[in-house]
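Let's walk through this one together, starting with the whole chain and then zooming in on one annotated stretch. Have the viewer open as you read.

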Amino acid sequence: MESASGRVQVWARVRPPIEQDHGPCHAVDCIDKTVRVRNDVDTVERMLAGQAETSPSEPREFAFDGVFGESSAQRDVFMQIGLPVLREALRGINGTILAYGQTGSGKTHSLLHQSAKGEEAGLLPRLVASLFLMISQDVANVYDVEAAAVQVYNEQVDDLLNPDHQNGQGNNLNVRDGGIVTGLNWIRCMKPDEMLEAFTRARANVVYAETKMNKASSRSHAIFQLRISKRERVFEAAKTGQKVECTIARLNVVDLAGSERVKKSGSEGMRFQEATNINRSLLAFGNVVSALAARKSHVPLRDSKLTRILDGSIGGNCRTCLLVCVNSAFEHVGETLNTLEFASRAMRVEVDAKVNTALVEVSAKNLLADLNPEAHEFGKKVMADKKEIEALRKQSAEAAEQAKKEAEKREKAVQEAEGHVKKLQQAAHSQECRPGEALVLRWQLRFSEDLAPGAQLQLRNGQAR
């Protein structure tokens, strides 16, 4: 498998069987970072047509950056996918985490689930808690965190955090290039509880409905966004505002509605229209991924509102992670194979994530707020430690350079002495050398041994002769 740097990273998660599943639930196996799928449906069809033996067909294998089996924990998903993306976002690198798969495969549970039992919390709640924990530990910098949420429902973009959402306000918003939604409400959050409450309110506005395949099927694509800016804390009082450099990152968590076959889901009326729009937008998303994977000059981002919002989040200045969720049941093997084939294509999509910086005007009032006593004292210590570390690094580098020069000087001296020893040996054992001169040469040899320890072996060999 090629290096994950510079491309979309992909993980697969296998949902454990539930009551709605029928027949054997062993069509999917996980081995290390590989998902193995047996398509016994095709084997049965070939047997009926007289084209196959009773032995099962060879399983298909798909290798990814990581695989979560049926017994995997929510924490595992966050630690491998969410935490690295969050750390990069705090450095100013955009991040997007998407969940893709058929309806009822566990996407919403993996990303958004909230529970009184902490171990069952999904990726987004864990991400929020970890974000504010990291911010609280970084007194040397000042952060500004905002949250927003939208859904794409029947090819219409709705603001899930608009105060009058229930009255139709904030619906059918426009999307600009780069995935920017005009008129979107951003809520500034100072504590994790504020952000979790905002996302809980947004989830309550997402359209869900019961189908034969899922009791709470998402009927829209839900996108939860965080905007994180960071600048260094000021430790000296300022009478006027200042322009300071900061990093700005946008982090998206995208819960894609599940693809569904209408015959299986039993969708009718409004549910049928929703399913049609979901499948159409997922098809457009798949076409975008295929075009990016094939490095085509034209990428059809304008074919749906979903792909317009994801402009820049896939194949652009963003670290992108895809979690594909599959159902292990025998009856869903066709959808499982389609999902894993899509995931394999996504791994060929290149990304070019960079640190995003900007100059922002900070008011004197906000600069003054930087100078709270605890942060000020800690900040001074941090800055002093940084200077001390930098000085030690400089001293270490200078010492290393001096040692290198001294070693080269000594090595040269040794080489010259060894050469001199060799010449003396040759002269001392020359048949033409007179006895008196030979004695002088041997004293010179003994003196040269002190200069060239490496020549001792040569001298001993000469004496033996």
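What share of the 465 residues in the protein chain is buried? Buried residues account for 45% of them. Keep in mind that this is a predicted model. The chain is built from 13 helices and 17 strands. If you take the contacts between residues at least 6 apart in sequence, 75% of them link residues at least 24 apart.

Now for the annotated stretch. An unreviewed UniProt entry marks a "binding site" that covers Gly101, Gln102, Thr103, Gly104, Ser105, Gly106, Lys107 and Thr108. Thr103 sits in the loop between β6 (95–100) and α3, and it counts as buried because its relative accessibility is 4%, below the 20% cut-off.

Move along to Lys107, which lies in helix α3. At 6% relative accessibility, Lys107 counts as buried too. Its side chain reaches back to the backbone oxygen of Gly101, at 3.3 Å. Setting aside neighbours within four places in sequence, the contacts of Lys107 include Ala99, Tyr100, Gly101 and Gln102, and among them are also Asp255, Leu256, Ala257, Gly258 and Cys325.

Asp255 turns up again when you look at Thr108. Thr108 belongs to helix α3 (residues 107–112), and its side chain makes a polar contact with the side chain of Asp255 at 2.7 Å. Is Thr108 buried or exposed? It counts as buried, because its relative accessibility is 18% and the cut-off for buried is under 20%.

Conventions:
Residues are numbered from 1 along each chain as its sequence is written. This is a predicted model: local features need pLDDT of at least 70, side-chain atom pairs count only at pLDDT 80 or more; totals for chains, interfaces and linings use all residues. Side-chain values use heavy atoms; hydrogens and water are left out. Helices (H or I, at least four residues) and strands (E, at least two) are DSSP runs, numbered from the N terminus. Buried means under 20% relative accessible area, exposed over 50%, partly exposed in between (1.4 Å probe, protein chains only). Contact means heavy atoms within 4.5 Å. A polar contact is a pair of N or O atoms within 3.5 Å; within protein, one must be able to donate a hydrogen and the other to accept it, and residues adjacent in sequence count only if both atoms are side-chain atoms. UniProt positions are given in the numbering used here, feature names are shortened, and annotations may be inferred rather than shown by experiment.
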